[in-house]
Amino acid sequence: MFQWQTPNSTAPSSERGKNIVFNQDRGIHLHLFIRKYKEIDGKTEPYIYIGKGNTVEYEGEKLITVTMELENEVLASLCTEFTKRV
């Protein structure tokens, strides 16, 4: 499972919001890219592709909190990398 928040301008009633909230019904593939830090030593960090997911729950208006179920398990090494303190 992965939880994410949309930009402030995205509402569940907008087309973009509906595509996120009802992705499976609409045939939309949600691909998840994440990064631990935006920048390190003045260099922008790259995103890492985690895989595809599907919305299973959402709440909020003009900032939607989305819970996604990932289609595949995240590698243990990536989980450690993103959750350990540096």
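**Strands, burial and backbone in a predicted model**

Author: In this predicted model, four strands make up an open sheet, ordered β1-β6-β5-β2, with antiparallel pairing. The edge strands are β1 (2-5) and β2 (30-34).

Reader: What makes β1 and β2 edge strands?

Author: Each of them pairs on one side only. On average, neighbouring strands of this sheet are turned by 50° against each other, direction ignored.

Reader: How do you know that β2 and β5 pair?

Author: Pairing requires at least two bridges between the strands. Five bridges join β2 to β5, so the two strands meet that requirement. They run antiparallel, and Leu32 stands opposite Gly51 in β5.

Reader: Why is Thr67 called buried?

Author: The relative accessible area of Thr67 is 14%, and buried means under 20%; therefore Thr67 is classed as buried. Thr67 belongs to strand β6 (residues 65-70). Leaving aside residues up to four places away in sequence, Thr67 touches Met1, Phe2, Gln3, Asn54, Thr55, Val56 and Glu57.

Reader: Why does Asp41 count as exposed?

Author: Asp41 has 79% relative accessibility, and exposed means over 50%, so the term applies to Asp41. Asp41 is located in the loop between β3 (39-40) and β4 (43-44).

Reader: What makes the phi of Asp41 worth noting?

Author: Most residues other than glycine have a negative phi. Asp41 is not a glycine, yet has a positive phi of about 50°. Lys62, also not a glycine, has a positive phi of about 60°; Lys62 lies in the loop between β5 (48-59) and β6.

Note on methods
Residues are numbered from 1 along each chain as its sequence is written. This is a predicted model: local features need pLDDT of at least 70, side-chain atom pairs count only at pLDDT 80 or more; totals for chains, interfaces and linings use all residues. Side-chain values use heavy atoms; hydrogens and water are left out. Buried means under 20% relative accessible area, exposed over 50%, partly exposed in between (1.4 Å probe, protein chains only). Contact means heavy atoms within 4.5 Å. Axes are lines fitted to C-alpha atoms, for helices over the stretch in contact, and angles run from 0 to 180 degrees between N-to-C directions.
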